[in-house]
Amino acid sequence: MHGHAPKIFFLELTLTALCDLNCLSCEARGKPDYIESEEVSDEDWIEAVRDAVDMSVKRIHILGAGEALIIRDLVYEIVEIIGQNHIYGSLQTSGTLFTEKLVRKMVETGFDSVYISLDAPDPETNDYLRGKAGTFDRIIQNIKAFNLWKNKIRSGFPELYFTPVLTSKNYDKLDRMVLLAKKLHVKTIRAQPLLVDPSNPLGRELMLTRDQMGQLQDSIQSLVDLADREGIENNFRQLVPEIVEESCALGDVIKKDMKKKHKHGLLEVPCFEPWIFLGIDSTGTIKTCPNEPGKGNPYNIKTDELKSVWQNERYENIRKTFLDGRIMPYCQNCCGIKILEITEIKEKIIAGYNEDMGRGE
Ligand SMILES: C[S@@+](CC[C@H](N)C(=O)[O-])C[C@H]1O[C@@H](n2cnc3c(N)ncnc32)[C@H](O)[C@@H]1O
Ligand code: SF4
Ligand code: SF4
């Protein structure tokens, strides 16, 4: 452990752009960003993770611009380091490529959360959306393997989540997702607003029509009631039209929040990402937000240490921008998923503030 290393909270590792599926909604469909020579070596990934451990990282989130479990030996090694250092570990995955060995390691090391991209509660809809037959069955099999090992060693971890992308094909199936979650001991359903990539006509077809949006809004209360009865945590109440409809150009939602007057000055900071987040994309670029474009950012784990980048002028200037109550140009394209996270952080600050002060925000 280095004495004066700066501390970081959240490290996100986007391990590869390669993928096993062909999801209709996804930019990775057809693997447009996968260039083998640009991917990061396992050695560089492990060095970055060890750097982050030196910086007392609290949480490591693993995912892919494609599917992280394509390089599951590397994931296995990172899971081991996370376990040895008592770091909160989370993984976002298509859920199709687990091995028994990895499942067992995740359970034995007390890995915290596995977010599984199941889009629908039946094989027909799910496999249509995920672009590959057999996907639903493989996911269910893998969830059962987690439950088996969790039972064997009497552990509640990892906690399992369903993270369906909300589309015109599944907006009316969330009730059955709740029942499936209950049956498979999945703790939470966190629906993700659809981001529409203008170059992907398939993605556009998946957008909810005005009518479907109305039906979804009408069903939210009964969905929340059902989930409460079944004990399934969820984010259904957050699926409001403002977030779901414009889910890839939400700078205006942030600007609207910036105009509000808050009793707690901290809440006037538009977003906390540059203080919390350090992300590495599949080519090794080190970012302050996953939405930040890689182009023009010269910092890369192939050549730079995380510690120096976290404290460099570029990071500091971005933080200053937010402290001054402004946002970065790329924030105009902030996405629904991030807005939901910012809202959650602000709600927690308000709750903590109210508890301390014994009064309302
Ligand atoms: C790009 S994937 C990468 C991780 C992994 N391959 C997976 O599918 O979970 C990350 C998440 O984005 C979701 N996703 C894909 N296309 C999306 C879109 N157009 N809008 C919102 N989320 C999307 C996926 O379902 C997944 O939950
Ligand atoms: S599995 Fe994940 S990365 Fe691959 S196409 Fe589907 S959503 Fe995209
Ligand atoms: S794009 Fe969104 S999440 Fe990223 S820094 Fe801007 S406001 Fe924050």
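I began with the shell around ligand 3, which by class holds eight nonpolar, one polar and two charged residues (Ala, Val, Leu, Ile, Met, Phe, Trp, Tyr, Cys and Pro count as nonpolar, Asp, Glu, Lys and Arg as charged, and the others, Gly among them, as polar). Eleven residues surround ligand 3, and the closest are Cys271, Cys289, Cys331, Cys334 and Lys338, where a residue is near a molecule if its C-beta atom, placed from the backbone, lies within 6 Å of it.

I noted that this is a predicted model, in which local features need pLDDT of at least 70 and side-chain atom pairs count only at pLDDT 80 or more, while totals for chains, interfaces and linings use all residues. Residues are numbered from 1 along each chain as its sequence is written, and chains are lettered from A and ligands numbered from 1 in the order in which they are written.

For ligand 1, I found 19 surrounding residues, the closest being Ser25, Cys26, Glu67, Ser117 and Leu195; by class, this shell has eight nonpolar, ten polar and one charged residues.

I then turned to the strands (DSSP runs of E, at least two residues, numbered from the N terminus). Strand β1 (residues 10-14) pairs in the parallel sense with strand β2 (residues 59-63) over five bridges, pairing requiring that DSSP finds at least two bridges between the strands. Leucine 11 has isoleucine 60 in β2 as its bridge partner. β1 also pairs in the parallel sense with strand β10 (residues 277-280), over four bridges, and there phenylalanine 10 stands opposite phenylalanine 277.
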